[in-house]
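Reader: I would like a close look at one part of this model, with the parts around it for context. Please take it step by step.

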Amino acid sequence: MKERPIIGIPLGDPAGIGPEITMYTFNDSKTQEIARMFLVGDEYVVRKALEITKLPLKVNVVEKVADAKFEPGTIDMIDMGIITEPYEFGKVDAKCGKASYEYIRLCGELAMAKEIDAVATTPINKESLRAGDIPYIGHTEMFEAISGVKDPLTMFEVNDLRVFFLSRHVSLMDAIKLVKYDRVLDYIKRCTDAMKRLGIEGTMAVAGLNPHSGEHGLFGREEMDEIVPAIEQAQKEGYDVVGPIGADSVFHLALKGKYASVLSLYHDQGHIATKTYDFEKTISLTNSMPFLRTSVDHGTAYSHAGKNTASAVSMIEAVRLAAKYAPSFNKKF
């Protein structure tokens with residue numbers, strides 16, 4: 001039997017639901033069967049979360065991953081010692097923002113050093129990061145700096161639907177401006193390589209940008225001028241890619257197994273498709289760095305923080321997906 005991969009988990013924003021859903025993830029017996037979980041956070045925050053969730057978990061504070069026990073019912077963790085006194089749940093807090101970044105930074109460093117096999121991240125809050133003078137807007141930008149990889153790829157997976165994104169956090173007008181031949185071709189190549197690292201083969205479909213993929217210029221020329229030429233060039237170079245396929249049908253067809261993945265041409269195009277199908281089990285993967293990262297695809301849910309009402313389904317799924325793909329991914333790197 002192969003040894004279970006070690007999945008590093010940064011605790012997330014202490015004022016949000018991250019600590020609570022992390023406790024439930026450590027308490028999930030099926031997840032324990034496939035992953036060795038290691039937490040980076042603050043012991044004070046963990047014990048507060050255990051008080052709220054009333055879960056019978058023990059805390060084992062260690063100085064390094066090699067000292068972890070990985071026993072059922074035990075949270076092995078590094079205590080960062082940042083949050084050591086009471087704070088308010090559900091509020092933007094500079095210290096919590098800084099703490100959430102420091103958890104991520106150390107997790108990323110452990111992954112780069114190959115002390116853990118993958119990272120599964122919990123929610124952070126952009127306003128708290130800004131209040132804490134953290135110069136990054138989100139996880140992806142942080143991991144970009146930690147790994148040294150520019151513009152790391154984001155992929156969503158829910159059941160058999162896998163979606164890449166040509167652009168992320170930009171306005172819709174700016175996203176349309178990014179739909180250019182060179183960028184589309186580059187993403188087709190990089191996304192195909194990313195799939196291979198996960199051990200997945202199959203056809204990639206590029207979604208159409210305009211209604212009915214432009215209808216040969218009737219509803220916009222982006223398909224004719226930028227997208228189709230990029231797809232044809234990729235095909236000439238041996239890439240298994242088709243399109244553009246109308247965005248009103250391509251995600252459904254991928255769910256049915258016709259395509260192994262879809263390249264979404266802007267943020268909401270793919271987000272709406274995946275989250276409408278199954279919001280809680282839509283998991284984000286960043287898989288063009290030297291280490292694999294998965295993440296819940298929801299926020300800090302401040303209105304639920306500290307109340308033991310948040311669902312841990314997405315966090316559990318994120319750890320399971322990290323454990324599923326880490327062995328194949330790490331063989332490729």
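How many of the six residues of strand 4 (residues 74-79) are buried?

Author: The model shown is a predicted one. In strand 4, which covers residues 74-79, five of the six residues are buried, so the strand is largely enclosed by the rest of the structure. Buried here means a relative accessible area under 20%.

Strand 4 has pairing partners. Strand 2 (residues 36-41) pairs with strand 4 in the parallel sense, over three bridges. Val59 stands opposite Ile75 of strand 4.

The buried residues of helix 1 are Gly18, Pro19, Glu20, Ile21, Thr22, Met23, Thr25 and Phe26.

Strand 8 (residues 204-207) is joined by three bridges to strand 9 (residues 241-245), and the two run parallel. In that pairing, Met204 stands opposite Val241 of strand 9. Strand 8 is also joined by three bridges to strand 10, again running parallel. On that side, the bridge partner of Met204 is Ser261 in strand 10. The residues of strand 8 point in two directions: Met204 and Val206 go one way, Ala205 and Ala207 go the other way, and all are buried.

Strand 10 covers residues 261-264 and contains Val262. Val262 has a relative accessible area of 0%, so this residue is buried. Setting aside residues up to four places away in sequence, Val262 touches Leu161, Arg162, Val163, Phe164, Ala205, Ala207, Val250, Phe251 and Ala254. Ala205 and Ala207 in that list belong to strand 8. Another residue, Asp248, is 14 residues from Val262 in sequence, and the two C-alpha atoms are 12 Å apart in space.

The last item is a pair of helices. Helix 4 (residues 94-112) packs with helix 6 (residues 139-147) at an angle of about 45°, and their axes are 10 Å apart. Helix 4 and helix 6 are therefore oblique to each other. Their crossing is right-handed. On the side of helix 4, the contact is made by Tyr101, Ile104, Arg105, Gly108, Glu109 and Met112, while helix 6 contributes His139, Met142, Phe143, Ile146 and Ser147. Sorted by type, the residues of this contact divide into six nonpolar, three polar and two charged.

Terms used
Residues numbered from 1 in each chain as written. Predicted model: local features only at pLDDT ≥ 70, side-chain atom pairs only at ≥ 80, totals over all residues. Heavy atoms only, no water. Axes fitted to C-alpha atoms, helices over the stretch in contact; angles between N-to-C directions. Helix = DSSP H or I, 4+ residues; strand = E, 2+ residues; numbered from the N terminus. Parallel < 35°, antiparallel > 145°, perpendicular 65-115°, else oblique. Left-handed = near helix turned anticlockwise from the far one by under 90°. Contact = heavy atoms within 4.5 Å. Nonpolar A, V, L, I, M, F, W, Y, C, P; charged D, E, K, R; others polar. Buried < 20%, exposed > 50% of the residue type's maximum accessible area, 1.4 Å probe, protein only. Pairing = 2+ DSSP bridges.
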